[in-house]
Amino acid sequence: MFNIVIFGAPGSGKGTQSERIIKEYGLHHISTGEVLRDHIARGTELGKIADSYISKGQLIPDELMIRVLAHYLEEHPEEIKEGVIFDGFPRTIPQAEALSELLERHNTKVHAVVGLEVDEEELVRRMILRGKDSGRADDNPETIKKRLDVYHKSTAPLRDYYTGKGQYHAIDGNGDLDRIFADIRASLDKARM
Ligand code: AP5
Ligand code: MG
């Protein structure tokens, strides 16, 4: 198994680059944001709770989010066999600790964390642009600001956390999509050796 975390601020390109990574490495993509948006679309109980946080740009509480991820892994044993790209999880230190424990239970671990580092004005530009037709409840100027505040306060500390573990690979996430992917591939190929 080869497990990657794709890490970065809202709008940094986690989803976009994940599509390329899964093609190249045959990994299963888990975007916790997509999982939650799917529940919202289906009107489940979890979806109702998730909507109340997402539309305000807040994080779903750790305890609930960790249960959702654990459940997802249990429900998809075949899909995750070759490895997983975790997109949007972990977002807090407790989530990172929970992820290690969950993967240990599956006799595996996080092999690399790819951090997409993008200038703040560019993040806002991308999300405002996408908001014109994404239909996402959180792609509006007010919620974008809140998401970025939450990112800096709760999620950005994971950069140091994974750097301390020797797992963090910084990638310049500004600019050309192909160049960004080439940099990701170079980092991952090194991490796999
Ligand atoms: P989530 O769905 O994870 O959203 P996010 O982190 O805010 O990030 P985005 O999906 O908006 O951006 P991205 O990094 O995937 O970039 P993308 O490729 O789309 O989470 C949403 C919410 O769910 C959270 O706020 C929270 O409430 C909740 N949630 C999720 N996980 C949680 C967790 N673990 N704990 C608690 N709560 C959780 O690209 C963005 C745009 O830019 C696109 O339009 C794209 O086409 C464009 N683009 C990409 N790359 C480039 C480039 N190089 N140049 C120009 N444009 C580009
Ligand atoms: Mg995304």
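Student: How far apart are the closest N and O atoms in the salt bridge that Glu45 forms with Lys48?
Tutor: This is a predicted model, in which local features need pLDDT of at least 70 and side-chain atom pairs count only at pLDDT 80 or more, while totals for chains, interfaces and linings use all residues. Residues are numbered from 1 along each chain as its sequence is written, chains are lettered from A and ligands numbered from 1 in the order in which they are written, and side-chain values use heavy atoms, without hydrogens and water. A salt bridge is a side-chain nitrogen of Lys or Arg within 4 Å of a carboxyl oxygen of Asp or Glu. For Glu45 and Lys48 the closest N and O atoms are separated by 3.4 Å.

Student: Which helix holds both Glu45 and Lys48?
Tutor: Glu45 is exposed, as is Lys48 (buried is under 20% relative accessible area, exposed over 50%, partly exposed in between; 1.4 Å probe, protein chains only). The two residues are 3 apart, about one turn of the helix. Helices (H or I, at least four residues) and strands (E, at least two) are DSSP runs, numbered from the N terminus. The helix, residues 45-54, is α3.

Student: About how many turns of helix α9 separate Arg179 and Asp183?
Tutor: Their side chains form a salt bridge, 3.2 Å from N to O. Arg179 is partly exposed because its relative accessible area is 29%, and Asp183 is partly exposed at 31%. Being 4 residues apart in α9, they are separated by about one helical turn.

Student: In what order do the 5 strands stand in the open sheet?
Tutor: Strands pair if DSSP finds at least two bridges between them. β2 (28-31) and β5 (168-172) each have a single partner strand, so they stand at the edges. The pairing is parallel, and the order is β2-β3-β1-β4-β5.

Student: Which residue in β4 stands opposite Gly8?
Tutor: Strand β1 (residues 4-8) pairs with strand β4 (residues 112-117) over 5 bridges, in the parallel sense. Opposite Gly8 stands Leu116.

Student: Which residues does Arg192 touch, leaving out those up to four places away in sequence?
Tutor: Arg192 belongs to helix α9 (residues 177-192) and is partly exposed, with a relative accessible area of 48%. Contact means heavy atoms within 4.5 Å. The residues touched are Phe2 and Tyr25.
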